[in-house]
Amino acid sequence: MKYIIFNWKSYLNIAESMNLSKIVSKLPSTKKYKLICSPNNFYNLSLKSRYPKNIYAAQNIDLHGKGASTGSIDIEDLVNNKIKYCILGHSEVRSNFGETDLTVQKKTDLCLINKIKPIVCIGEPLKIYKSKKTKFFLKKQINKIFKKSNNYEEVVLAYEPLWSIGTGLTPKLSEIDDILGFLSKILENYSFKKINILYGGSVNLSNIKDILSLQNLNGVLVGSASTKSSFIKHFK
Ligand code: 13P
């Protein structure tokens, strides 16, 4: 079973999000894929109440909790509304809102305490990739986000090279495979009930077959291509 996560970011309006959710809801159920829709947080509940069988992910939460926090999306809102997954540490949240690995660590813990499965994003900027320091960079991110003393329930870890997001560029398959092997190895130092490693960054209909053919890959996190109905219909 491979995770296919549709990260619709803030590309769509409510009608377009509804339309795609409807398409997801009509796909025949399959053991091959676990499809997860991640609409703009504002639409999650409307979509969930209209197409309750789909699986939804929030695009972020924050750490302030209920109370005097204007603009906050509290973990309780996910729990009470049965939104089972939450994307954390996405590069756009990191760059637009200054999210750090430490914040991602706290949010990951908060999700797990509340039985929400975190989809934790990591990935190196172009400069690091070019200087061949990707592994060093990713190891540092992992060390900051996860604690060796914790016993983690199921976690989804998405490797999204920043230079690949929204650019049409992807690493070579052999490079993704090499990173998967590396990540699996360093994650052995931590205790996870289950860890799923995904790839994200310019996944589309022309490269998805090759990417999903990687044995050690547990799925993909897809941005702009996932806003097209033709992409979603691929997962029958
Ligand atoms: P693109 O698929 O648009 O490159 O975005 C990837 C991504 O950021 C998924 O979270």
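**Packing around helix 7**

Guide: Helix 7 and helix 8 (residues 173-187) cross at roughly 35°, and their axes come within 11 Å of each other. Helices here are DSSP runs of H or I with at least four residues, strands are E runs of at least two, and both are numbered from the N terminus. Axes are lines fitted to C-alpha atoms over the stretch in contact, with angles from 0 to 180 degrees between N-to-C directions. The model is predicted: local features need pLDDT of at least 70 and side-chain atom pairs 80 or more, while totals for chains, interfaces and linings use all residues. Residues are numbered from 1 along each chain as its sequence is written.

The crossing of helix 7 with helix 8 is right-handed (the near helix is turned clockwise from the far one by less than a right angle). On the helix 7 side, the contact consists of Thr134, Lys135, Leu138, Lys139 and Ile142, which meet Ile179, Phe182, Leu183 and Ile186 of helix 8 (C-beta atoms, placed from the backbone, within 7 Å). By class, this contact of helix 7 with helix 8 has six nonpolar residues, one polar and two charged (Ala, Val, Leu, Ile, Met, Phe, Trp, Tyr, Cys and Pro are nonpolar; Asp, Glu, Lys and Arg charged; the others, Gly among them, polar).

Helix 7 (residues 134-145) also packs with helix 5 (residues 101-113), at about 45° and with the axes 8 Å apart. Helix 5 passes helix 7 in a right-handed crossing. Asp101, Leu102, Val104, Gln105 and Thr108 of helix 5 make this contact with Gln141, Lys144 and Ile145 of helix 7. Three of the residues in the contact of helix 5 with helix 7 are nonpolar, three polar and two charged.

As for the setting, the chain has 10 helices and 10 strands.

Note on methods
Two residues are in contact if their C-beta atoms, placed from the backbone, lie within 7 Å.
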